[in-house]
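Me: I have a structure to go through with you. Can we take it piece by piece, with the cut-offs stated as we go?

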Amino acid sequence: GLLVRKNPLDIAQTMVLVDSDSRDETGKAARKILHYGGYGRLLFQNGKIRQKSIEQTDNGLIFDLLQPPAGLPIRAVENFSAIMNEVAKSRVIYVGETHTAYGDHVLQLQVLQAMYAKNKNVTVGMEMFPRSSQAALDDYISGKIPTEREFLKQSHYFSVWGFDYRLYRDIIGFCRKYKIRIIGLNLDKKTVSTVFAKGNTDAISPEERQQMALVRDLDVPGYRKRLREIYSQHAFSPHGGGNNTKKFSGFLQAQAIWDETMAESIADSLTSNPKLQMIIIAGAGHVYKDSAIPLRVARRMPHIRQSVLVSDNGRDTGIEQGKKVDYLLFTKPLQLEPAARIGVMLEEKKPAKGQGQVIIEGISPHGFGKKAGLNKGDIILTIDNNPVHDVADLKIALLDKHPGETVNLKIFRKRDLLPDETLEIPVELSGMRMDMMMPPSHPGK
């Protein structure tokens, strides 16, 4: 059988899908294909045509001679309680975010609290955690992992996500208090980054493929256009590719794998528990109804009721006619206290045997590390007597610190002409704004 479609990776090209039992069968059919150029689907048997059809469209081809104007319906502003009463009827409730906007995360917590008050059979799905972190999530919620520090280490939070943990701390704390399960929706970042960089899935290992959604739709209407706009904003950054078609192909595939895997995680959870309601915490671009996760959940679970909420965070919400979101909530801008920082750039070294090391690779102009006497090449051994074997150890130790406080670092310093030395250095902590704390760019936004 042959199916002709446009190529979702390059819409200027045509893609032919061939399903054949043997090379000989394919050869017999190939000689006759040119006689059926007007058809989109062909079925041959022993070289003889058995079926031929033209793909039907919903409305044929429609061209606007004069583009009609768009408009917005005038609707009454509803209070939060009324909105929660309405969205509580949905099995899936998405609360989109701008990752560094603290007000968005407060809204997510408020929605979770409101839904939990109405339905104790609720769970939370988070983009921030991959499926590989599920054991750590379950053990922390159940209490098997007793401390936040151990949870952050076992879930590998600072490598799988990396945005300021304080943004999600209250949400995770609420879930732990009331034993609300958290589902890690995502893929490991390494897998997504590989697809993004290579432009295909050829380099993905069999083990990684098991974590990926089996069905991936790259041809959702409007999806390519929206991603092209996002990609063009970063195309000439160090992580972009200008007008490189291969790099955009990788970006498109990485995004689709990301969205499809999250959708599959949601559908699997709902299917396993027919009474379950899910609150989904993810980036705003991942929750749009017309082209992101909700559409892909609905493909797996037809007729499921879903609601999408985002805050009026200065973003292009695309709320016209409710195509992208159901509710735009007018939230107050909120800011966390600037995160406490030492003011250094770090590198991790993980030897084959023994404990890892954290080495100062550079001194930031935004902190007091240089003033304190830290040097490039120093190895950080402890912070306030807590061992440091990776960057996560350092970040965890700084979670509850404040700008202006002082921490004591024990460092090991190699010297060329003099003996190596171990030093105790007090460092005043500086503050860093949220928009300066974004982790290395990844293709998920």
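Reply: Start with burial: buried means under 20% relative accessible area, exposed over 50%, and partly exposed in between, using a 1.4 Å probe and protein chains only. This is a predicted model, so local features need pLDDT of at least 70 and side-chain atom pairs count only at pLDDT 80 or more, while totals for chains, interfaces and linings use all residues. Residues are numbered from 1 along each chain as its sequence is written, and side-chain values use heavy atoms, with hydrogens and water left out.

Me: And how are helices and strands assigned?
Reply: They are DSSP runs numbered from the N terminus: helices are H or I with at least four residues, strands are E with at least two.

Me: OK, strand 16. Which side chains point to which face?
Reply: Strand 16 covers residues 406-413, and its side chains alternate.

Me: Which strands are joined to strand 16?
Reply: Strands pair if DSSP finds at least two bridges between them. Strand 14 (residues 379-383) is antiparallel to strand 16, with 4 bridges, and Ile380 stands opposite Ile411. Strand 17 (residues 421-428) is also antiparallel to strand 16, with 8 bridges; there Arg413 stands opposite Glu421.

Me: Switching to helix 14. Why does it count as largely enclosed?
Reply: Because 6 of the 8 residues in helix 14 (residues 391-398) are buried. They are Val391, Ala392, Asp393, Leu394, Ile396 and Leu398.

Me: What happens at its start?
Reply: A side-chain oxygen of Asp390 reaches to within 3.2 Å of the backbone nitrogen of Ala392.

Me: Now helix 2. Which residues are buried there?
Reply: Ile83, Met84 and Val87 are buried in helix 2 (residues 80-87). Seen down the axis, the buried residues of helix 2 fall within an arc of 100°, so they line one face. The arc is taken over the directions from the helix axis to the C-beta atoms. An α-helix has 3.6 residues a turn, so residues three or four places apart point the same way.

Me: What do those buried residues pack against?
Reply: Counting contact as heavy atoms within 4.5 Å, the buried residues of helix 2 pack against several elements, including helix 3 (102-118), strand 5 (92-97) and strand 9 (306-311).

Me: Last topic, aromatics. How many pairs?
Reply: The structure holds 11 aromatic pairs. Rings of Phe, Tyr and Trp (its six-membered ring) pair if their centres lie within 6.5 Å; planes under 30 degrees apart are stacked, over 60 edge-to-face, and the rest tilted. Phe129 and Tyr157 have ring centres 5.9 Å apart and planes at 55°, so that pair is tilted.

Me: Are Phe129 and Tyr157 buried or exposed?
Reply: Both Phe129 and Tyr157 are buried.

Definitions and conventions
Polar contact = N/O pair within 3.5 Å; in protein donor to acceptor, adjacent residues only side chain to side chain.
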